Amino acid sequence: MLRALLSSPCPCALLLCAASAEAAPKRAPMGQMDPRLDLLFRVGFGGEIEIEADPVSIKPDAAATLGGDLRLDFPVHRYVTLGPVLSVYAAKEDFDFVDRNVLLDIAPFVKGRYPFTLGGQRRAAEAYLLLQVGLTLGFSSEDRWGTERFGPGWNLGFALGFQSLVSKRVGLLAEIGWTRSQANFDVDVIIRQGTFRVGPVIRF
């Protein structure tokens with residue numbers, strides 16, 4: 001009887017179905033491979049503002065930097081996403097009598113991530129490391145950063161973060177990192193600070 005059962009087509013079909021199910025790729029959790037828009041509040045903390053006018057260089061402490069980021073995040077692999085980021089923020093030295101100057105960072109970024117799921121509804125979540133390098137545009141309203149009012153430069157930053165969807169289309173993100181931004185007026189201004197960002201994530 002055992003020989004007859006094994007020779008029947010049913011066990012073979014069952015074995016084929018089991019093998020196909022094992023070999024089939026697992027479906028990605030909802031939202032894991034979808035593009036996202038990050039709307040982030042940004043705070044810079046600690047650090048310094050270096051002002052270089054050869055042969056003199058001064059490095060006063062930096063006051064807290066306030067601003068926001070707009071980031072488009074495009075997954076290209078389970079563990080990698082790419083995209084552009086636009087940052088606008090106001091910075092100044094840690095003096096009471098000076099005004100803030102505005103800086104604009106425009107940069108591509110690459111993000112290495114570890115995706116996983118949260119909750120019984122398999123909401124997409126991830127921990128990540130982000131690196132960006134790009135263009136900085138500085139706008140000065142006072143002469144303490146030189147007499148020129150516009151200064152181009154460059155920026156470098158990295159961050160460690162976590163994000164998770166909390167509904168089908170909306171999630172939350174928080175990250176901490178470090179940024180170096182340089183704007184070249186008739187003197188060079190270099191801002192080095194820690195950064196904290198938090199805000200909503202919108203899935204397309």
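Before anything else, a contact here means heavy atoms within 4.5 Å. With that rule, and leaving aside neighbours within four places in sequence, Tyr-79 is in contact with Lys-111, Gly-112, Arg-113, Tyr-114 and Pro-115.

What you see is a predicted model, in which local features need pLDDT of at least 70, side-chain atom pairs count only at pLDDT 80 or more, and totals for chains, interfaces and linings use all residues. Residues are numbered from 1 along each chain as its sequence is written, and side-chain values use heavy atoms, with hydrogens and water left out.

On confidence: pLDDT is the predictor's confidence in each residue, from 0 to 100. The protein chain has a mean pLDDT of 86, and 84% of its residues reach 70 or more. Over residues 12–25 pLDDT stays under 50, and the model has 1 contact beyond four places in sequence for that stretch. Where pLDDT is low, the predicted coordinates should not be read in detail.

Now the fold. Helices (H or I, at least four residues) and strands (E, at least two) are DSSP runs, numbered from the N terminus. The protein chain has 2 helices and 9 strands, and from the N terminus on the order is α-α-β-β-β-β-β-β-β-β-β. If we take contacts between residues at least 6 apart in sequence, 64% join residues at least 24 apart.

For burial, buried means under 20% relative accessible area, exposed over 50%, and partly exposed in between, using a 1.4 Å probe and protein chains only. Of the 204 residues of the protein chain, 42% count as buried.

Which residues make up the largest nonpolar core? A nonpolar core is a set of buried Ala, Val, Leu, Ile, Met, Phe, Trp, Tyr and Cys residues joined through side-chain atoms within 4.5 Å. The largest has 12 residues in all, among them Ile-49, Ala-62, Trp-145, Phe-185 and Ile-191. The elements giving two or more residues to this core are β1 (36–53), β4 (80–91) and β9. There is a second, separate core of 8 residues, including Leu-40, Val-85, Tyr-128 and Leu-173.

Arg-71 is found in strand β3 (residues 65–77). Its contacts, leaving aside neighbours within four places in sequence, include Leu-40, Val-85, Tyr-128 and Leu-173. Arg-71 counts as buried because its relative accessibility is 2%.

The side chain of Arg-71 also makes a polar contact with the side chain of Glu-175, at 3.0 Å. A polar contact is a pair of N or O atoms within 3.5 Å; within protein, one must be able to donate a hydrogen and the other to accept it, and residues adjacent in sequence count only if both atoms are side-chain atoms.

The charged end of Lys-111 sits over the ring of Tyr-128 in turn, 4.4 Å from its centre.

Next, ring pairs. Rings of Phe, Tyr and Trp (its six-membered ring) pair if their centres lie within 6.5 Å; planes under 30 degrees apart count as stacked, over 60 as edge-to-face and the rest as tilted. By this rule the count comes to 5 aromatic pairs. One of them, Phe-139 with Phe-150, is tilted, with 5.6 Å centre to centre and 50 degrees between the planes. Phe-139 lies in strand β6 (residues 123–139) and Phe-150 in strand β7 (residues 150–165), so the pair ties together parts that are 11 residues apart in sequence. Phe-139 is partly exposed at 36%, and Phe-150 is partly exposed at 41%. Elsewhere, ring pairs link Tyr-114, Phe-116 and Phe-162 into a cluster.

Back to Tyr-79, as promised. Tyr-79 is placed in the loop between β3 and β4, and at 38% relative accessibility Tyr-79 counts as partly exposed. A polar contact of 3.2 Å joins the side chains of Tyr-79 and Arg-78.

Last, is Thr-179 buried or exposed? Thr-179, in strand β8 (residues 170–184), counts as buried because its relative accessibility is 6%.

Terms used: Lys NZ or Arg CZ within 6 Å of the ring centre and 35° of its normal.
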